Amino acid sequence: MDFADADDAVQVARDRELDSPRLDGAFRRLIGVHAGGHDFGPRHNPPRTQTGRDLTPDEEGVLIEAVFVTRERYEAAKAAVARGELDALERRSWQRGLSASLTLEQAADWLDTGTGRVLTDLAFGDLFAFVCDDELLFPTWQFIDDPDQSSLNYMTSLVGAFDDDMHPTSILGFMTTPHSYTSIDGEPATPVEWLTAGRDVKPLLELLETRRLR
């Protein structure tokens, strides 16, 4: 990619419809793009259809005993599924990860630079982004409100440690949840706080490796 013409290239890409294979091939060359350019947008993840059969009474009994303990809890869970509450909760959770992000232009504004510079940093893994409905989005957790440091260090190492199957919402949760493994002055700190304090990235990589082995 010729980053000198990046602004024009981004506009052209928005003016036409690109299919997933083309996006995958284009974004895979940018180290900082999550999951090889997999599109996490709803247009590329259609609603799941309800399939399968009803449980037999014996199967229901086993499920109640192992998971729900009482039939009342089991029936309440079935009713929630029928009302779509669980699907709605899942959609809200996923949307949180998608919305806590900046577009390419917004990221450039935050960093006080051009979009070409942002794409260059993305190509080398110094920034992190994912694809949503054919658009690059940059999670806000990586940006710091500090005049001397506008984004987190060690991004290249983190980019390589995130599994492709981690949804942006899961990554958001990991980076903004305090972990006892990354305590500062005896208090559990979030990975963002840990890195902002100038600590080493190794404990975070070990946490992500533990997640991968589960």
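Colleague: What makes Arg-117 and Asp-121 a salt bridge?
Modeller: Their closest N and O atoms are 2.9 Å apart. A salt bridge is a side-chain nitrogen of Lys or Arg within 4 Å of a carboxyl oxygen of Asp or Glu, so the pair counts. Keep in mind that this is a predicted model, where local features need pLDDT of at least 70, side-chain atom pairs count only at pLDDT 80 or more, and totals for chains, interfaces and linings use all residues. Residues are numbered from 1 along each chain as its sequence is written, and side-chain values use heavy atoms, with hydrogens and water left out.

Colleague: Why is Asp-121 called buried?
Modeller: Its relative accessibility is 18%, and buried means under 20% relative accessible area, exposed over 50%, partly exposed in between (1.4 Å probe, protein chains only). Arg-117, at 43%, is therefore partly exposed.

Colleague: How do you know that Asp-163 and Arg-212 form a salt bridge?
Modeller: The N to O distance is 2.7 Å. Asp-163 sits in the loop between helix H8 (155-161) and helix H9 (168-176) while Arg-212 is in helix H11 (residues 202-213), so the pair ties together parts 49 residues apart in sequence. Helices here are DSSP runs (H or I, at least four residues), numbered from the N terminus.

Colleague: Which residues are linked with Arg-212 in a network of salt bridges?
Modeller: Asp-163, Asp-165, Glu-209 and Arg-211. Glu-209 bridges to Arg-212 with closest N and O atoms 2.3 Å apart.

Note on methods
Helix = DSSP H or I, 4+ residues; strand = E, 2+ residues; numbered from the N terminus.
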